[in-house]
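I opened my notebook to look around one protein model, step by step. Come along and check each entry against the picture.

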Amino acid sequence: MRTILDHLDAVDPALFVVDVSAEIALLARIASVPAIGIRMHGNRGDAAHLAGYRACVGLLAPFDEALEQPETPDWIRAMTHYAGGLCTAQDRVPGKAEARAMLGLSPDREIVVVLTGGGGAGTPYAPLTMAARALPETDWLVLGPVQREGHETDFGNLHLRGWVSTITAHIAAADVVVASSGDTIVHEIARVGRPYVCAPEWRYFDEQMRKAERLAELGAAILVPSWPGASTPWRGLLDAAKALDPTALASLHTPTAAASAADYLNRLATDLWTR
């Protein structure tokens, strides 16, 4: 806290953008530095979160307003600038056939890309072996870390690719994407536009579960609250995802979201200090 206060004294900022932390938002208020709080999903109606929001001069949501949780109070909505679905990827989105050629994948086989980032322990491996057993004519490409139990049986159609730099191409090559519901992953899938089976990871305040519930309510993804423990559900899950209206997910990605967020911060800083 002392280091942060010294820095604020040194730079004399027009605004202090606070990434989620209620404690830092309250520190900024005490120090008379106007703060912007970043919004996240989850059950955040506790006293600490609400005090952190009230301490800010504005709130920034890096997601579409359609994803807002229905119980969010009106005063929080009124404080929030919804920048739209923010995605950091900037590379060109290839078509499915082009993406498969780029990655050396079969042009004809069904391909499921399973994707997670570094925020948790990784995708559980055992359920994926059940999926590979259930659908031997489908190639399962697993990106990011996996969590092993130690007793799994490997299958020839289950490919662990680990960390890759070609996320966009892999998503574009897929018939279905199975992924968690972190902000980046959601918007990368929406940007490419592929059927989405959403398996939320555990997070504080049920952050990913609440976002996954909204995705399902909007018809943008098929929600899997827990990984299937048997082979039988997998075909139905993939088919259900393919049957979704693709525009429901695609509409959540906003190409201009970063510019919208920057413009909001600029306007707010100018307005605050002009007044």
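**Entry 1: a pair across two strands**

I began with Val 142, whose bridge partner in β9 is Leu 160. Strands here are DSSP runs of E with at least two residues, helices are runs of H or I with at least four, and both are numbered from the N terminus. Before going on, I noted that this is a predicted model, where local features need pLDDT of at least 70, side-chain atom pairs count only at pLDDT 80 or more, and totals for chains, interfaces and linings use all residues. I also noted that residues are numbered from 1 along each chain as its sequence is written, and that side-chain values use heavy atoms, with hydrogens and water left out.

**Entry 2: the strand β7**

I traced β7 over residues 138–143 and found that β7 pairs with β9 in the parallel sense, over four bridges. Two strands count as paired if DSSP finds at least two bridges between them. Trp 140 stands opposite Leu 158 in β9. I then looked at β5, which runs parallel to β7 and is joined to β7 by six bridges. There, Leu 115 stands opposite Leu 143 of β7.

Which way do the residues of β7 point? I saw Thr 138, Trp 140 and Val 142 on one side, with Asp 139, Leu 141 and Leu 143 pointing the other way. Six of the six residues of β7 are buried, so the strand is largely enclosed by the rest of the structure. Buried means under 20% relative accessible area, with a 1.4 Å probe and protein chains only.

I stepped back and read the strand order of an open sheet of six strands as β9-β7-β5-β10-β11-β12, with parallel pairing. Its edge strands are β9 (158–162) and β12 (222–223), each pairing on one side only.

**Entry 3: a cavity**

How many cavities of 30 Å³ or more does a search of the whole structure find? I got one, and the largest cavity has a volume of about 60 Å³. A cavity is a set of points, on a 1 Å grid over the protein atoms alone, where a 1.4 Å probe fits but cannot get out; lining residues have an atom within 4 Å of a point. The volume is the space filled by probe spheres set on the points, which are joined across faces, edges and corners.

I checked the lining of the largest cavity and found that α3 gives the most, with three residues.

Definitions and conventions. Buried < 20%, exposed > 50% of the residue type's maximum accessible area, 1.4 Å probe, protein only. 1 Å grid on protein atoms, 1.4 Å probe; cavity = no way out; pocket = protein on both sides within 12 Å on 5 of 7 lines; lining within 4 Å.
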